[in-house]
Amino acid sequence: KHQRGDATLSSIPDRVKINISTKPYPHLQSASLHDLNNGRKKRKKFTDDEKAAIKLGVQRFGFGRWSDIKAEFTLELRNRTAVNIKDC
């Protein structure tokens, strides 16, 4: 027989019920997390410092070199991805 802590895959139930309470979050009862805002984060406007860094980056590296621009201006663009920078 199995001893305590001696589990195998066959000894684990196929289905495990998980009870998640949504009482503190009533807005989640009628919508799933994915349904809220289509599963996307709200876009944040670019700051003046971010815009200046992108403009300077385009002058240095050229249009479309978003990863190079992000790498050069790491501090200013720390909260942005290369795709975010492209969308500026």
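Rings of Phe, Tyr and Trp (its six-membered ring) are taken as a pair if their centres lie within 6.5 Å, with planes under 30 degrees apart counted as stacked, over 60 as edge-to-face and the rest as tilted. This is a predicted model, in which local features need pLDDT of at least 70 and side-chain atom pairs count only at pLDDT 80 or more, while totals for chains, interfaces and linings use all residues. Residues are numbered from 1 along each chain as its sequence is written, and side-chain values use heavy atoms, with hydrogens and water left out.

The ring centres of Phe-63 and Trp-66 are 5.1 Å apart and their planes stand at 80 degrees, so the pair is edge-to-face. Phe-63 is exposed at 72% relative accessibility, whereas Trp-66 is buried at 12% (buried is under 20% relative accessible area, exposed over 50%, partly exposed in between, with a 1.4 Å probe and protein chains only).

Next, select Phe-46, Ala-53, Ile-54, Trp-66, Ile-69, Phe-73, Leu-77 and Ile-85, the eight residues of the largest nonpolar core (a set of buried Ala, Val, Leu, Ile, Met, Phe, Trp, Tyr and Cys residues joined through side-chain atoms within 4.5 Å). Two or more residues of this core come from each of α1 (48-61) and α2 (66-72), where helices are DSSP runs of H or I with at least four residues, numbered from the N terminus.

Then move to Ile-85, which, leaving aside residues up to four places away in sequence, touches Phe-46, Ile-54, Trp-66, Lys-70, Leu-77 and Arg-80 (contact means heavy atoms within 4.5 Å).
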